[in-house]
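Dear colleague,

Please find below the structure that I promised to hand over. My notes on it follow, and I would be glad if you could read them with the coordinates open.

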Amino acid sequence: MSIITVQLGQCGNQIGHEVFNSLCSDIHGTHGFCSKRENESYQDACQERFFCQEESAVPVARAVLVDMEPKVISQTLSLAASSGSWKYSNHSHFCQKQGSGNNWANGYSVHGPRHKEAIMDLVQREAEKCERLGGFFTIMSLAGGTGSGLGAFVTQCLRDAFPTSFILNHVIWPYGTGEVIVQNYNSVLTLSHLYQSADALLVHENDVIHQICAQLLHIKHISFRDVNQVIAHQLGNVLQPAHTGQGHYSRNPLGDLLETLVPHPEFRMLGLRNIPQMPEKSLAFSTFSWPGLLKHLRQMLIARAKMEEGIDWQVRPPCPGSSLPSSHPTTKPLHFNTSIANLVILRGKGVHGADLGSFQDPSLYTSWLNPQDAFNAWKTPRAFNKYEKSASLVSNSQFLLKPLDSIVGKAWKMFASKAYVHQYTKFGIQEEDFLDSFTTLEQVISSYTTL
C-alpha cells in the first residue's frame, strides 16, 4: 500500500526532502547481509510505498508540498531534481507569496480555509495515482505558523476527505530555549487539534536531535540540515519495509504501525529511539552485537533516556508482587517509564537470532494490557543505510510526558497574563479556543501520568 507524504511549512518541507533522500540512498545502497531476492523484494516494497514511476525513469515521490512562502519549496524541488535519483512531481506543490508570521491563528483560520480547495485538490490527485492508498504521513513543526496552524487545518481536511485512511502526524517539538516567542501557544493549539484528527503523533524533539549531533556524531557547528538528516535517518528506520511476523513485508505499513502502537484513542503520543548512531566514517571500524544493542535500547526505554550515551542504569522496573494495587501509582520508581505499547524494528545481519524476550517483561507495561499484545517486533535481514545492524524503538509510553507538561505549563503562564492573545483573537481564535486546547492536553497529561 502507498503512503502519501504531506510536507507542511519550512520545517516539513526540509525534513520531507531529507526523508526521501534517505529512503532513496537506502534503496540504491549495496547490502551484503541478505539474498538478492530479499533485496529486490525490499526495494519493490519501498518503491510502492513512497514513489511512483511517471513518464521519466526517475522515481517520483508520492508527496504534496505546502508552504505560504515560495523560497523553501523552490529550493526543495530543485535539490531533489538535481540528485538524479528521485524527484518531486511538477504538479504537487502549493505556495503563496506571504507566510503566516509564526501565528498559528493566521495559518489555521485564514490561510487554511482560503486555500483548502487548491491544497486538497493536489492531495486528491496524488491519491488517485495510488493503486492502494495506505494513508497519509504529514510532517510539520509545532512552533511556527504555517506548519503548525495550516498543518492542523490540513490534517482535519484529510480526516474529513479520507475518513477510513490512516493519518500519522510527524511533529517537531521546538527547542526549549525558544525559537519563536509564541511557540508554546502554537504548540498547545497544534497538539490539541491534531489529537482530534490524527491517528497518532510521532514526535521528535529538537533539543534531543541537537544533542545527538553534538555528542554522538561529533558535529562541531550544527546546522538545520544536520538535525534534519538525523531525523530522516530515524524515520527511514521505521518506515522502510520490515517483516511483521508473517514472513512477508507489511502490505499496510501505516495500518500495522498504528494497530500495534495505539490500542486506545486516549493515548496517541509516540516517541522514537534509534541505535546505533555514529559518524559515517566510524562505521567501518565498529562492531555491534544484538544482545548489546537490545540491552541499551531496553534501558533507554525504562529510564526515558534520549540517546545511548548517558543512560541511567540505576533505574529498574518494579519487582513483581512488590507493589501496591494499581490505584497507588506512586509505588513505581521515580524515573521509571511505563509503556502502553512498544514496537522494536531490527534491521541487518543475524537479525532472526536476536532475543527480544526482555521487552515482554510485564512490569514494563500498564496493568490493563497483556504484554503479549503490548509488544511487537518487526525484523529484516536487509540492513539500513550502511549500518550492519540497527535497532529502532517506537514507544507509546511516558516518554513525552515531561516535555508536554512543560510546554502546557509555559503556555498557561503566558495565557494567564493574556500575553500576545490579541494576536490570535484578531484572526478569529478566541480565549475559549485556548481553554479548550488546555483542557484537551491536561486530560492527555493526566491519562499518561496515571499509567
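In which loop is the place of proline 276? Proline 276 sits in the loop between E9 and helix H10 (290–302), where helices (H or I, at least four residues) and strands (E, at least two) are DSSP runs numbered from the N terminus. The peptide bond that leads from isoleucine 275 to proline 276 is cis, with omega near -10°.

Before going further, please note that this is a predicted model, in which local features need pLDDT of at least 70 and side-chain atom pairs count only at pLDDT 80 or more, while totals for chains, interfaces and linings use all residues. Residues are numbered from 1 along each chain as its sequence is written, and side-chain values use heavy atoms, with hydrogens and water left out.

As to the overall fold, the protein comprises 14 helices and 12 strands. Its radius of gyration (taken over C-alpha atoms) is 21 Å, close to the 22 Å that the globule rule (2.2 Å times the number of residues to the power 0.38) gives for 451 residues, so the protein is as compact as a globular protein of that length. The C-alpha trace spans about 60 × 55 × 45 Å along its principal axes, and 58% of the 451 residues are buried, where buried means under 20% relative accessible area, exposed over 50%, and partly exposed in between (1.4 Å probe, protein chains only).

Strand E12 (residues 389–397) deserves a look, since 9 of its 9 residues are buried. Both of its faces are covered, with Lys389, Ala391, Leu393, Ser395 and Ser397 on one side and Ser390, Ser392, Val394 and Asn396 on the other. Strand E12 pairs in the antiparallel sense with strand E9 (residues 269–275) over 5 bridges, two strands being paired if DSSP finds at least two bridges between them, and leucine 393 in E12 is the bridge partner of arginine 273. Strand E10 (residues 339–348) also runs antiparallel to E12, joined to it by 9 bridges, and here leucine 346 stands opposite alanine 391.

Two backbone angles remain. Most residues other than glycine have a negative phi. Tyrosine 420, in the loop between helix H12 (401–416) and helix H13 (421–425), has a positive phi of about 65°, and with 30% relative accessibility tyrosine 420 is partly exposed.

With best wishes
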